[in-house]
Amino acid sequence: MRCGRLAAAVGSAVRVRARPRPRVVVAPLLLVVLAAALVAAAFGGDLQRVRLGKATGSELYAVLGEDRRVHVDAVPLQGEGLKAMVVRLCANDRVTAQVQAANGGVAALVRGARYRVPFALLRPELQIQALQALFPDDVPTAEGWRHRVVALEGAELDLWSVAEMFTGKGENFRELRGGNLLADERLEPGQEILVPRSLLLPALAGALPAPEPGSAPLTYQRDDRGEYAVYRLERGEALYSSVVVRFTGRIFAEDVNALADEIAQRSGITDVTDIPIGYPVRIPLEHLSPEYLPAGHPGRQAYERDMAETSSYANGVRSSNLEGVTVILDAGHGGRDGGAIVEGVWESTYVYDIVMRVRRLLGQTAARTVMTTRDGKDWTVVERDVLGTSRGHAVLTTPPYAIADARVGSNLRWYLSNSVFGKAVESGGDKNRVVFVSIHADSLHPSLRGAMIYVPGLLSNPSNYGKTGTVYSSRREVQEQPRVDFAHAERARSEGLSRDLARHTLDAMRRHGVAIHPNQPIRDRVIRGKRAWVPAVLRFNAVPAKVLVEVCNLGNPTDRRLIQTRAFREEVAKSVVEGLLAYYGVGADQLDRQVASKAAG
Ligand SMILES: [Zn+2]
């Protein structure tokens, strides 16, 4: 026992074993007698009592009862009946019977008498007022409610009581214990307990300051192993998706798993499937995505400079119905390069079908469509859900390249794209009326779902780059321009325009019910293992506005099932076309009209 006082000793002995807690802690007779003698008889046993609402002229008391629950004692206003008082304190009269029951079934109020209103029935503002009066050192923060344990005469609160008071459920003491790294349920006066936002009673959560828009609820600390960010897990969140994917940008299964292990180890988590809500997860700073670094960190400053520079570019060219616009359409992989292959589903097969559908839809606009690959002699949309695998794709260079090597297939696409772009501009075309759209599907950690879009980040510096070897030099497009070299300003502009196109495409996907990655759906690099890079079809591509759309994650069973349906592929195709229309200034209202007139026709 930590304390020599009789009451404390008895109190804690009862509490430690009583689960669930009895409503009233049995106090020794001696204490009751003493308390009755010392305190006004009517309030014997109250642990704390503070007057509230002096300003309003009404008489209210916030009370921490000996049952370690909070309630309010209220004196009726002049002429106030039970129902009126209940409305005043609880904001609705549906709880009248409960207030009545809490006061021995009283029907008519007696003037000057005090009536008990249980905490759970109180109006949200009164709940907050009562807690702040009883615990004046408590601080509502963006993270959650910081409760400072108060010293009570002859009694003490434990974690169960705190959980019950702030979350409505004593059982949440486990989450509080885990989240606050406590060894047991005992609390010392002065100790601070964070009750995380996601556990708090709704009224209390509503009183917390809102997190800054767009800011992550991270705090930063340092120990002998270096700097780290702290994230407190919320209800229903998992280490993989809510920490690793969200804050580190890792998405490939082996990366996510390895980093989750590292973070778990650093955070003292032994079972990643059973992390308490509010548990402080430690993310070493070197793994954070730049936007989550502390403000002022050089990495974050560099990121913000890049974003500021590229975001000054947005497409100002308007073209209703894509008049005069050249869309270079690229289906990822093909031929002997299946791309991601998961459970027999070939990326190359399904993304080619989506591109066929985009091409068909673009045929209803005024756009000129240039395809980078073809399977066989013709472009046809196969009206089947599950598609047969084909290895017949060729890149349409001159002469065409039947795709045997994935890398060559990829490089010849940007050569082809650069040739199309060069000719469009040479013939007096506007370089802002050429766009490049590549369609792929990912194979990522199975917890991830949805689409994401890669844009060429400034990080990639393709200065004076070209390929050698006869497979390249034998193609007319390579001969036209064997090497590329883009200036910084050109790349900044390209990133900005590409982000603009990506945003419009994602907006269209949302309208069409296509799932999107919850975190960073627009990415300017692929991060895998220790490497980060921009895909070659974007990096060496001279077209200013270019995106690589990963339409879904084949590693996720739901996404894998979806891509094997025509309906999903058609919705993706519509999103891509609407993204292009929106990029060229066709608003959603015009789109609706176009869609409606097409449906009517
Ligand atoms: Zn791919």
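The points below are grouped by topic.

This is a predicted model, in which local features need pLDDT of at least 70, side-chain atom pairs count only at pLDDT 80 or more, and totals for chains, interfaces and linings use all residues. Residues are numbered from 1 along each chain as its sequence is written, and side-chain values use heavy atoms, with hydrogens and water left out.

- Helices (H or I, at least four residues) and strands (E, at least two) are DSSP runs, numbered from the N terminus.
- Six of the six residues of strand E3 (residues 70–75) are buried, so E3 is largely enclosed by the rest of the structure; buried means under 20% relative accessible area, with exposed over 50% and partly exposed in between (1.4 Å probe, protein chains only).
- Val-70, Val-72 and Ala-74 cover one side of E3, while His-71, Asp-73 and Val-75 are on the other, and all are buried.
- Two strands pair if DSSP finds at least two bridges between them.
- E3 pairs in the antiparallel sense with strand E2 (residues 59–64) over six bridges, with Ala-62 opposite Val-72.
- Five residues separate E2 and E3 in a hairpin, and Arg-68 in the turn has a positive phi of about 65°.
- E3 also pairs in the antiparallel sense with strand E4 (residues 115–118), over four bridges; here His-71 stands opposite Pro-118.

**Sheet E5-E6-E7**

- Three strands form an open antiparallel sheet in the order E5-E6-E7.
- Its edge strands, E5 (139–140) and E7 (192–196), each pair on one side only.
- E5 and E6 (residues 144–148) are joined by two bridges, and Pro-140 stands opposite Trp-145.

**His-333**

- His-333 lies in the loop between strand E11 (326–331) and strand E12 (341–342).
- Its side chain makes a polar contact with the side chain of Asp-337 at 2.9 Å; a polar contact is a pair of N or O atoms within 3.5 Å, and within protein one must be able to donate a hydrogen and the other to accept it, while residues adjacent in sequence count only if both atoms are side-chain atoms.
- Beyond its neighbours within four places in sequence, His-333 is in contact (heavy atoms within 4.5 Å) with residues including Glu-347, Arg-413 and His-440.

**Largest pocket**

- A pocket is an open set of points on a 1 Å grid over the protein atoms alone, where a 1.4 Å probe fits, with protein on both sides within 12 Å along at least five of seven lines; lining residues have an atom within 4 Å of a point.
- The largest pocket is lined by 32 residues, and His-333 is among those nearest its centre.
- H13 (406–426) is one of the elements that each supply at least two lining residues, and its five residues are the largest share.
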